[in-house]
Amino acid sequence: MSENGDDAEKTLREWATQEVTQQPLCITFPEAQNFELKSTLIHLLPPFRGLENEDAAKFLKEFHVVCFGMKLHAVTKDRNKLRVFPFSVQDAAQEWLYDLPSGSITSWNELATFFLEKYFPEVKVSNLHIEILGIKQGKREALHTYWERFKKLLVRCPQHGISDYDLYHCFCE
């Protein structure tokens with residue numbers, strides 16, 4: 001309707017112009033007083049593009065380190081991560097985030113869980129689990145090199161679910 005409430009006085013351009021409504025993001029942001037994200041902090045965020053060869057668990061660690069370094073007045077770390085995360089994802093990962101249903105994420109834990117389900121699926125966990133269980137020291141590989149390789153493999157799959165006892169046997173065999 002026009003300002004005076006008379007539709008008859010609208011121009012053709014006004015009739016043809018569609019109202020643009022912004023679709024809300026999947027993240028429901030908690031209220032935050034005085035929240036300001038400086039562009040210099042955004043540039044520190046690690047990018048995640050959603051490529052097959054990217055390590056989602058490592059990305060979340062790097063993301064956590066950067067967010068931990070951001071000191072925002074009266075904003076919890078989890079709220080900060082929720083607000084900052086959309087600036088860190090790009091390309092296919094950004095599309096994935098934008099395609100999630102509006103308001104479907106209300107906490108950092110939910111977002112991290114959805115993210116890992118998408119980019120660190122059970123099949124990757126299973127493959128790394130098999131790799132951990134089958135690790136062998138090379139014939140000419142130094143013990144410390146083998147140990148470092150073993151630890152890196154464990155870090156790549158934090159949810160491997162293998163007991164310390166079984167890990168010890170995997171390493172020693």
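**Aromatic pairs and helix packing**

Author: A search of the whole structure, which is a predicted model, turns up 17 aromatic pairs.

Reader: Okay, take Trp96 and Tyr119: what kind of pair do their rings make?

Author: The two ring centres are 5.7 Å apart and the planes stand at 80°, and since an angle over 60 counts as edge-to-face, the pair of Trp96 and Tyr119 is edge-to-face.

Reader: And which parts of the chain does that pair tie together?

Author: Trp96 belongs to helix H5, residues 91-99, while Tyr119 belongs to helix H6, residues 108-119, so the pair links parts that are 23 residues apart in sequence.

Reader: Are those two buried or exposed?

Author: Both Trp96 and Tyr119 are buried; for Tyr119 the relative accessibility is 8%, and because the cut-off for buried is under 20%, Tyr119 counts as buried.

Reader: Which residues make up the aromatic cluster?

Author: One aromatic cluster is formed by Phe48, Phe59, Phe63, Phe85, Trp96, Trp108, Phe115 and Tyr119, so the cluster takes in Trp96 and Tyr119, the edge-to-face pair.

Reader: Where do the charged ends of Lys118 and Lys77 sit?

Author: The charged end of Lys118 sits over the ring of Tyr119, 5.8 Å from the centre of that ring, and the charged end of Lys77 sits over the ring of Phe68, at 5.1 Å from its centre.

Reader: Back to the helices: at what angle do H5 and H6 pack?

Author: H5 and H6 pack at about 125°, and their axes are 12 Å apart. The two helices are therefore oblique to each other, and H5 passes H6 in a right-handed crossing.

Reader: Which residues make that contact?

Author: On the H5 side the contact is made by Ala92, Ala93, Trp96 and Leu97, and on the H6 side by Leu111, Phe114, Phe115, Lys118 and Tyr119.

Reader: How do H3 and H4 cross?

Author: The axes of helix H3, residues 56-69, and helix H4, residues 77-88, come within 10 Å and cross at roughly 120°, which makes H3 oblique to H4. Their crossing is right-handed. Among the residues of H3 in this contact are Phe59, Phe63 and Phe68, and H4 contributes residues including Lys77 and Phe85.

Reader: Zooming out, how many helices and strands are there in the protein?

Author: The protein has nine helices and zero strands, so from the N terminus on, the order of elements reads α-α-α-α-α-α-α-α-α.

Reader: And what share of the residues is buried?

Author: Buried residues make up 31% of the 173 residues in the protein. As for contacts with a separation of 6 or more, 63% of them are accounted for by residues 24 or more positions apart.

How values were computed. Residues numbered from 1 in each chain as written. Predicted model: local features only at pLDDT ≥ 70, side-chain atom pairs only at ≥ 80, totals over all residues. Heavy atoms only, no water. Phe/Tyr/Trp six-rings, centres within 6.5 Å; stacked < 30°, edge-to-face > 60°. Helix = DSSP H or I, 4+ residues; strand = E, 2+ residues; numbered from the N terminus. Buried < 20%, exposed > 50% of the residue type's maximum accessible area, 1.4 Å probe, protein only. Lys NZ or Arg CZ within 6 Å of the ring centre and 35° of its normal. Axes fitted to C-alpha atoms, helices over the stretch in contact; angles between N-to-C directions. Parallel < 35°, antiparallel > 145°, perpendicular 65-115°, else oblique. Left-handed = near helix turned anticlockwise from the far one by under 90°. Contact = heavy atoms within 4.5 Å.
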